[in-house]
Amino acid sequence: MLIQETFYLKNMLSYSCIKLIEMVFAQKDSVKLLSIVLGEVTVQFDNQIISRNQIVDVFKELNFDIVRDPDVEIVEKTKIAAIEIIHMSFNANSLIRNSEYISDKLQLPYDKISKVFSQVTGSTLEKYIILLKIEKAKEMIVNNEYNLSEISYMLGYSSVHYLSNQFKKTTGVTVSQFKDNPSAYRKKLEELV
């Protein structure tokens, strides 16, 4: 019997995750990927050939936990929306307010999203957004395509001074110190919260 199911996955935060899942499931004749976006995979499978638990095990082997709690689902969708606006859009952060984008994306009031995020993670959404911005700034500094003034504008900072201060406060090092040994200070997005 054919079954269609959508799985919400924790820490599926990059396009590399999508490619990995596509590659793994391309090798499984008994499972058809119907749709895949950050944090969400819909599959069709014959439960007489492969069980739901076997599919869940594949996700676990790839280090993606299944989200079962509605509040954790909100947090994962919030992370994805924040990553989209900060890491995957070119200059949109200076044009669109983070809170508006996240609220529109989740179709929930921002205050509810922020409250759930804090309750589930033990950290504020605002702090998470700052961490994402600093990681994006690190990436842009390492790529050396833009100067610090351009980076501060693209990430929605009012000045280079403000970005530099937040960079130092968040990382414990100045931008110049970071440039001397960038690999020592880089973090994976899934490690931020």
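The chain has 9 helices and 3 strands, where helices (H or I, at least four residues) and strands (E, at least two) are DSSP runs numbered from the N terminus. From the N terminus on, the order of elements is β-α-β-β-α-α-α-α-α-α-α-α. This is a predicted model, in which local features need pLDDT of at least 70, side-chain atom pairs count only at pLDDT 80 or more, and totals for chains, interfaces and linings use all residues. Residues are numbered from 1 along each chain as its sequence is written, and side-chain values use heavy atoms, with hydrogens and water left out.

Along the principal axes, the C-alpha atoms fill a box of roughly 60 × 35 × 25 Å. Of the 193 residues in the chain, 41% are buried; buried means under 20% relative accessible area, exposed over 50%, and partly exposed in between (1.4 Å probe, protein chains only). Among contacts (heavy atoms within 4.5 Å) between residues at least 6 apart in sequence, 63% join residues at least 24 apart.

In soluble globular proteins, nonpolar side chains tend to be buried together. The largest nonpolar core here has 54 residues, and Leu9, Met12, Ile21, Ile55 and Phe59 touch the most other members. Such a core is a set of buried Ala, Val, Leu, Ile, Met, Phe, Trp, Tyr and Cys residues joined through side-chain atoms within 4.5 Å. Helix H6 (residues 125-143) gives the largest share of this core, 9 residues. Beyond its neighbours within four places in sequence, isoleucine 55 contacts Phe7, Phe25, Val31, Val43, Phe45 and Ile50.

Isoleucine 36 sits in strand S2 (residues 31-37). With a relative accessible area of 17%, isoleucine 36 is buried. Leaving aside neighbours within four places in sequence, its contacts are Met12, Ile18, Ile21, Glu22 and Val41.

Two asparagines come next. Asparagine 11, in the loop between strand S1 (2-8) and helix H1 (15-26), has a positive phi of about 65 degrees although it is not a glycine. Its relative accessibility is 22%, so asparagine 11 counts as partly exposed. Asparagine 63 lies in the loop between helix H2 (52-61) and H3. Asparagine 63 is not a glycine either, yet has a positive phi of about 70 degrees. At 65% relative accessibility, asparagine 63 counts as exposed.

The remaining topic is helix packing. Helix H3 (residues 70-87) and helix H5 (residues 110-121) pack at an angle of about 110 degrees, with their axes 9 Å apart. H3 is therefore roughly perpendicular to H5. Axes are lines fitted to C-alpha atoms, for helices over the stretch in contact, and angles run from 0 to 180 degrees between N-to-C directions; under 35 degrees counts as roughly parallel, over 145 as roughly antiparallel, 65 to 115 as roughly perpendicular and the rest as oblique. On the H3 side, Asp71, Val72, Ile74, Val75, Thr78 and Lys79 meet Lys112, Ile113, Val116, Phe117, Val120 and Thr121 of H5. The residues of this contact are 7 nonpolar, 2 polar and 3 charged, where Ala, Val, Leu, Ile, Met, Phe, Trp, Tyr, Cys and Pro count as nonpolar, Asp, Glu, Lys and Arg as charged, and the others, Gly among them, as polar.

H5 also packs against H6: their axes come within 8 Å and cross at roughly 85 degrees, which means that H5 is roughly perpendicular to H6. Here Tyr110, Ile113, Ser114, Phe117 and Ser118 in H5 meet Leu125, Glu126, Tyr128 and Ile129 in H6.
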